[in-house]
Amino acid sequence: MNVRAAAANVLFQVVDKGHSLSHALPAAQKTIKPRDHALLQEICYGALRYLPRLETIANELMDNSLKGKKRVFHHLILVGIYQLSFMRIPAHAAVGETVEGTVTLRGPSLRGLINAVLRSYLREQDRLDELAVSHNAGKYCHPSWILKMLQESYPEQWESIVEANNSKAPMWLRVNRQHHTRDEYLALLNSENIECTPHPQAEDALKLTSPCDVTLLPGFTKGWVSVQDAAAQLSVDYLAPQDGELILDCCAAPGGKTAHILERTKNTEVVAIDCDDRRLDRVYDNLQRLQLRADVICGDARYPEEWWQGDQFDRILLDAPCSATGVIRRHPDIKWLRRASDIDALALLQSEIMDAMWRELKPGGTMVYATCSITPQENSQQVKDFLARTDNAQLVGSEVENPGRQILPGEDDMDGFYYAVLVKSLA
């Protein structure tokens, strides 16, 4: 398939059909040559980052919008505008390949229209680019409800959060200390002329100066290293697992944190639960590559009695279902798939899971509540409410008035994450 046509179809699936980019993009990659995968990803991610700007320009250049069966060709126009505005592809190649995409999409009669629109953009690019950022949606490329939440919750940092969300995420590695220390693996990377820097807090994290194919990483297939953002790696630092413990990783897919717990400990029994059996396939794949073993269970975390009849856990890592507003730079489709109304439903689900998991924690045990969200309702307010209704819960490492740690997107070049450490009283 023509790469631009594939990109247009991905945008159509995400924006119009509400499918996630993590589902639509891999499906589209199967239709093109492997050498074009990176180009397809760049176009799709970039177009979703800057969607309102592209929409403004397209609407200005067209008398009538494309609807119904022609809707995918609207997204083909957005693909063309994105290339001309943000990529270094020569203009003639970007226009020609995008127009050629009409053949793959079975709309050759639209060749003339799409060619005319893209060439009009080239002639009027300065005016149109200025028009595209003349309103908040185009200037910040976030939906109004997220902008409002950021401005209210982070009045001094909201613009830097927006900037981080609209940037490309770096590639972070997690070194498997069962094979090497971080310094030893850093030396291996340097010997391969792969530049990287260690994280100041996440003990196993290295950031690559430039992303690379995982096959170029020393020992990747042997399980020496994994790809995982530094903020996500901090979950195990906060959990502080000990050898020989019984530990639950709740909402575990795709399994990075499960593996990290096992990499850090010996003779530890780790139970990994998730309600999505399809996503659990990723857990099995990760464990197999790393040559690690965990008890993987498909079940609803709200009802542990349905899937667990064993002892109470020494530690529980609760990486709760959330809005994922902290990882927008890795998943730009979140901006257009999430709704403000989702937050209330997610907060209710989180509270139900917290209460259920607390019953499965032994006295003296530790639970780490985590999300990749930056909405206070899912994070600090969630923990405040939990502490108010749970007499035997003690907050560790922070004050009740401002519980936990909120990592904002871009902080030390990390994703946005939230952590709160809770200990169950012995009495």
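A residue is termed buried when its relative accessible area is under 20%. By that criterion, in this predicted model, 5 of the 6 residues of strand S6 (residues 269–274) are buried, so the strand is largely enclosed by the rest of the structure.

Helix H14 (residues 256–264) is likewise largely enclosed by the rest of the structure, because 8 of its 9 residues are buried.

## Parallel pairing around S6

Strand S6 has parallel partners in S5 and S7. With strand S5 (residues 246–250) the pairing extends over 5 bridges, and Cys250 has Ile273 of S6 as its bridge partner. With strand S7 (residues 295–298) the pairing extends over 4 bridges, and here Val271 stands opposite Asp295 of S7.

## Backbone features in the connecting loops

Most residues other than glycine have a negative phi, and most peptide bonds are trans.

With 64% relative accessibility, Gln291 counts as exposed.

## The antiparallel sheet

A separate pairing pattern is found in an open sheet of 4 strands, ordered S2-S3-S1-S4, in which the pairing is antiparallel. Strand S2 (196–198) and strand S4 (225–227) are the edge strands, each pairing on one side only. From one strand to the next, the twist averages 30°.

Within this sheet, strand S1 (residues 172–175) and strand S3 (residues 205–208) run antiparallel and are joined by 3 bridges; Trp172 has Lys207 of S3 as its bridge partner. Helix H12 (residues 182–191) packs on the sheet and touches S1, S2, S3 and S4. The direction of H12 makes about 20° with that of S3.

## Nonpolar cores

The largest nonpolar core contains 52 residues, and those with the most contacts inside it are Leu21, Leu40, Phe73, Ile77, Ile81 and Ile114. At least two residues of this core come from each of helix H1 (3–16), helix H2 (21–29), helix H3 (37–49), helix H4 (51–61), helix H5 (71–86), helix H6 (91–104), helix H7 (111–123) and helix H8 (125–132). Ile77 illustrates the packing: leaving aside neighbours within four places in sequence, this residue is in contact with Ala58, Met62, Leu66, Ile114, Val117 and Leu118.

Another core, of 49 residues, lies apart from the largest one. Its members include Leu239, Val270, Leu287 and Met414.

## Annotated region and active site

An unreviewed UniProt entry assigns residues 161–425 to "domain: SAM-dependent MTase RsmB/NOP-type". Over residues 161–425 the chain is 31% helix and 23% strand, and the end C-alpha atoms are 37 Å apart.

The annotation "active site", also from an unreviewed UniProt entry, covers Cys372. Cys372 is situated in the loop between strand S9 (361–371) and helix H18 (380–389). Its relative accessibility is 16%, so Cys372 counts as buried. Not counting residues up to four places away in sequence, Cys372 touches Cys322, Ala324, Thr325, Gly326 and Val327, together with Gly416 and Phe417.

Definitions and conventions. Residues numbered from 1 in each chain as written. Predicted model: local features only at pLDDT ≥ 70, side-chain atom pairs only at ≥ 80, totals over all residues. Heavy atoms only, no water. UniProt positions renumbered as here; feature names shortened; annotations may be inferred. Buried < 20%, exposed > 50% of the residue type's maximum accessible area, 1.4 Å probe, protein only. Contact = heavy atoms within 4.5 Å. Core = buried A, V, L, I, M, F, W, Y, C linked by side-chain atoms within 4.5 Å. Pairing = 2+ DSSP bridges. Axes fitted to C-alpha atoms, helices over the stretch in contact; angles between N-to-C directions.
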